[in-house]
Amino acid sequence: FIAATQPSTNWHLKENTRDHHTSKFSSKELIVRRGQAFVVTFSGIEQPEQNLTFIAETGPKPSKQAKTQATFGISSTVSKENWSAVLQSTSSNSASIAISSPANAVIGRYKLSVQSTSSGSSSPATLGTFVLLFNPWSSGDDVFMSNKAECEEYVLEEFGIIFSGNTHHINSFGWNFGQFQGDILNICLSMLDRSLNYRQDPATDVSHRNDPKYLGRVLSAMVNGNDDQGVVLGNWSGNYEGGKSPSSWTGSGEILQNWKKSGFKPVRYGQCWVFAAVLTTVLRCLGIPTRTITNFSSAHDADGNLRVDEFYDASGNHLERGADSVWNFHVWNESWFSRSDLGPSYSGWQILDATPQEESGGIYQCGPASRNAIKEGDVELDYDCPFVFAEVNADRMYWNYDPATGKKTLIFSKTTTIGQFISTKAVGRDDRVDVTSDYKYEEGSRKERDIFKKARKKLGLEDKFDPTAPTPKEIEQKPDISGKFKVAGPLEVGKDLNLILVLANLQSDVKSVHVNMTAWSTVYTRRPVREIWKDSISVTLSPGEEKHFPVKISYAEYQQQLTTDNTIQITALCHVEGGIQVLVQRDITLDNPAIDIQVLGEAKVNKEVDVEVVFTNPINAEVMDCVLQVEGNDLLRGILEIDVPPLKAGEKSSTKFKLTPVETGSKHLLVNFSCDKFSDIKAFKTVNVID
C-alpha cells in the first residue's frame, strides 16, 4: 500500500495558516480552525486515491461515538456534518487533499493517518499531528462573530487595556496577553488535561471540548489555583512575601511559562485582573472571542440575598465582619458564543470569572452567565447568574456594630451605588467603552427596580422573612445632617493628602455632632490593612448651616502603610445628638508619578532602535532598589529587567535599551518601574514598525 518509507507530508503551513487566521502562531505544527478546509499533500503512495481512508483522532481513547475519532474516504464534496476529504490534485505518487472538519468538531491536538481500503490488513500510516481550534470566522461555529473587526480584537489582538481605580477616578494599564507566543498554545492544551474533569474521566472530558460553554467553565476553574493546582494563587492580604506582588505582572506569558516550569504549581500571586487577563489569553488562544470587563463598586454577595452588609464601629473603623464586601473594582471576562441550552435570546456575550470568590458546583468556578439573562433578571438560568447579578445590582447596607453587645444599627442603605462605569477596551483603539447599559436598565428607573424585584422573587427572597434585614422603619429614617469628603489637592503618591469634610445641617434647629474619623490603607477590595490616621472633632451646626473641616494626611504618615494598590479609605462616623448616625466615606486611589517612554528613531524590522525611559523622583528623599521591567511582543524576546541606580530627591533618571522588531505593524511596549517608595509604575507605548 505504501512505499517502504513513511509517506512524507507537506502541511502547506504558510497558505493554511493564512486562510485560517493562525499565522501569528510561531509553530512548526499545523494549527487550523474547525469547519474550514485545509490542504495536505503527501507522497509515497502506490494506491489509487479512491482506495484511501483517512483517520483523524484526538484524546486518550478516540472513538467515533464520542466524536473524538473520524474515519473518512475521498469524496467529491465537502460535508457540513462530518469530516471529509476532497482530492485537489495528484501526480505519480503524491496527492493533495483538502480536509474539512465539521463546525462543531472537538478542538485540540489530532493525529492524522491514512490507510488503504483495498488491502484490509495493512495498518494505518501516520501523516502527523495538527491542532484544531474554534473558528469565529465560520458561520456554523458556536463562537461565530459576524463583525470582522471584533474577531481581530477579541481573538487576534495580543495587547489589552485593563481598567482599575474607583468610581471617582478610573485608571488603566496595558497588558500583554501574548496568546500566540512561544509555547502558550501547548500550555493551554495541557491546562485542559490537568482539569478535575479530565482527571476524573479523560475520554468524556475530551468529547465535550467541542462546546465553548463547557471549556469556558472548566478554564474559569483552572486559571485559579484553588481545587485543582491551577495557574494562579490569589492573595488579597497586602503581604506578598514568597511570590510576586499581583500588581507587578505586565503580561500573561510569564505567568503561564512559570506555571509550566514549576511542574504546574500555582504561580504566586494574583488578584482579579490577573485571573481575568490569563483567562483572556487562554480563550483567545483557543479561538473563543474574549475580553476583560471592569465593574466599579462591585459587590461580593457571599450569602446570596442580593444585599451587601458593611459594619463600622463607633470610631468609624471598617470592621471585617461577615463575608460580604464591595470592591473598588473587579475584573472578569466576557466570551462570545451561542447558548443552545438556553435559546437564542441568551446567546452573545457570556460572563466568566476565574477569580476564586464563591464555590459553584463544589469548586471555585463561575459562569458562563448570559449577559442578557443578567440584564433581564433571569437569575435561575445556568450558570451562576445570582452571583453575577448581585455584583452589578446588590443593595448596600451600612451598619454600626457594637462588638461588646453584638448589637447592630442600620446607618443607611443605598440601592444605586453598586455596579457603575462597567468598562472594556474599544475595538481597534486604546479607549474605554462603557457597557453598563448592557448589564442593567438605567439606575433608579422603574424598569431597573422591576428587574431587581423579579430577581428577588426568582431567588425566593420576596416571600421568606429575613431576620438580618433592616426593618422598613429603619430604612425610612431620614438623617438630620449630610456629609461628604471633597478632594482639595492632588491625589498622588509622595504628596500630602488634602481633603475637606463638608457637613450640612438639613434641619431647622441647631445640631450638635461628634465626629470620629479614621483613615486606613486598603487593598482594592476595600479590605482594611493598616491604620494611617485618626482624629475626632465636635461640631455645632446652626439651622441649614454648612461647615468645612480641612483634613490633611501627610505623606510621612501614610508612606509606610500604603499597599501596592495605593488605596486609602477615609471614614467619618457622625454621632448626631438625638438623631441617627451619619457615615461619610471616601475611597481614594493615589496616582503613581508618571514615567515617560521615547523611541529614539524609526522602528524598522530587524534593525536595532534605542528606547529611553525617563523617571523623575518627585519626593524629597532618596529612592532605592529601582528596577525597570520591559516586555513587548515582536519588539524584544522575553522580559528585560534593568537595575536602575538610586535617585536623590528630585533627580531624573534616564534608562536606555535597544529593541529589534521582528514584524511590521502597530506593536506595544510595556514598562513597569518599581522602587522602595513606589510600586509598579506602569506605562505603555505604541511602536509603529515599518519595513
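Residue numbers start from 1 along each chain as its sequence is written. Because the model is predicted, local features need pLDDT of at least 70 and side-chain atom pairs count only at pLDDT 80 or more, while totals for chains, interfaces and linings use all residues; side-chain values use heavy atoms, with hydrogens and water left out.

**The annotated site**

An unreviewed UniProt entry places the feature "active site" at Cys 272, His 330 and Asp 353. These residues are spread over 82 residues of sequence, yet they cluster in space, with a largest C-alpha distance of 10.0 Å. A word of care: UniProt positions follow the numbering used here, feature names are shortened, and annotations may be inferred rather than shown by experiment.

Cys 272 belongs to helix 8 (residues 272–286), whereas Asp 353 sits in the loop between strand 18 (348–352) and strand 19 (369–370). Helices (H or I, at least four residues) and strands (E, at least two) are DSSP runs, numbered from the N terminus.

Contact here means heavy atoms within 4.5 Å. Leaving aside neighbours within four places in sequence, Cys 272 is in contact with residues including Trp 236, His 330 and Tyr 524. With that same exclusion, the contacts of Asp 353 include Ser 220, His 330 and Glu 391. The side chains of Asp 353 and His 330 are also joined by a polar contact of 2.7 Å. A polar contact is a pair of N or O atoms within 3.5 Å; within protein, one must be able to donate a hydrogen and the other to accept it, and residues adjacent in sequence count only if both atoms are side-chain atoms.

Buried means under 20% relative accessible area, exposed over 50%, and partly exposed in between (1.4 Å probe, protein chains only).

| Residue | State | Relative accessible area |
|---|---|---|
| Cys 272 | buried | 0% |
| Asp 353 | buried | 2% |
| Ser 247 | buried | 11% |

Ser 247 lies in the loop between strand 12 (232–234) and helix 7 (252–261). Its side chain makes a polar contact with the side chain of Asp 680 (2.7 Å). Not counting residues up to four places away in sequence, Ser 247 also touches Trp 273 and Lys 682, among others.

An open, antiparallel sheet runs in the order 27-26-29-30. Its edge strands, strand 27 (528–541) and strand 30 (582–589), each pair on one side only. Two strands pair if DSSP finds at least two bridges between them. Strand 26 (residues 511–522) and strand 29 (residues 567–576) pair over 10 bridges, and Met 517 has Ala 572 in strand 29 as its bridge partner.
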